[in-house]
Amino acid sequence: QNVKKQHKGKLPPAMYFHAFGGKAASIDQLVSLCCGKKKQRQKQETKEQEQRKRQEQTPSTQVYFGFAPVINFRSPKTADVIQNV
């Protein structure tokens, strides 16, 4: 159980979505979750403090999307999804 607590909320170093069939908006959400977004800070911080916090808070997961002709190319939304990647 100690290992579960230690890794809770952490993402793997890479994620691959094979034959991705989601919506174009889902790609933005997944990339945002996995790669992190900069949050605006209200108070002034030194550059060193800011970098340390960003490294602690920002996930560093690489995201890959795959598309399979047999599965994905039948759907009309696939072109928009691929464009968004």
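## Two faces of a strand

A residue counts as buried when its relative accessible area is under 20%, and as exposed when that area is over 50%. With that in hand, and keeping in mind that this is a predicted model, look at strand S2, residues 62-65.

## The overall layout

The protein chain has five helices and two strands, and along the sequence they follow the pattern α-β-α-α-β-α-α. Strand S1 (residues 14-17) runs parallel to S2, and four bridges join the two.

Of the 85 residues in the protein chain, 16% are buried. The accessible surface comes to about 7,400 Å², with 51% of it belonging to carbon and sulfur atoms. Among contacts with a separation of 6 or more, 69% are between residues 24 or more positions apart.

## The nonpolar core

Which residues make up the largest nonpolar core? There are six: Phe 20, Ile 27, Cys 34, Val 63, Phe 65 and Val 81. Helix H2 (24-35) and S2 each supply at least two residues of this core. Beyond its neighbours within four places in sequence, Val 63 is in contact with Met 15, Phe 17, Cys 34 and Cys 35.

## A cluster of rings

The whole structure holds three aromatic pairs. In one of them, the rings of Phe 17 and Phe 65 have centres 5.4 Å apart and planes at 20°, so this pair is stacked. Because Phe 17 lies in strand S1 and Phe 65 in strand S2, the pair ties together parts that are 48 residues apart in sequence. Phe 17 also stands opposite Phe 65 in S2. Phe 17 is partly exposed, at 23% relative accessible area, whereas Phe 65 is buried, at 15%.

Phe 20 and Phe 65 form an edge-to-face pair, 5.0 Å centre to centre with 75° between the planes. Phe 20 sits in the loop between S1 and H2, so its pairing with Phe 65 in strand S2 links parts 45 residues apart in sequence. Together, ring pairs link Phe 17, Phe 20 and Phe 65 into a cluster.

## A buried threonine

Thr 61 is found in the loop between helix H3 (47-57) and S2. Is Thr 61 buried or exposed? Thr 61 is buried, because its relative accessible area is 4%. A polar atom of the Thr 61 side chain lies 2.6 Å from the backbone oxygen of Pro 12. Sequence neighbours within four places aside, the contacts of Thr 61 include Leu 11, Pro 13 and Cys 34.

Key
Residues numbered from 1 in each chain as written. Predicted model: local features only at pLDDT ≥ 70, side-chain atom pairs only at ≥ 80, totals over all residues. Heavy atoms only, no water. Buried < 20%, exposed > 50% of the residue type's maximum accessible area, 1.4 Å probe, protein only. Contact = heavy atoms within 4.5 Å. Areas by Shrake-Rupley, 256 points an atom, 1.4 Å probe, with all protein chains shown as cover. Pairing = 2+ DSSP bridges. Core = buried A, V, L, I, M, F, W, Y, C linked by side-chain atoms within 4.5 Å. Polar contact = N/O pair within 3.5 Å; in protein donor to acceptor, adjacent residues only side chain to side chain. Phe/Tyr/Trp six-rings, centres within 6.5 Å; stacked < 30°, edge-to-face > 60°.
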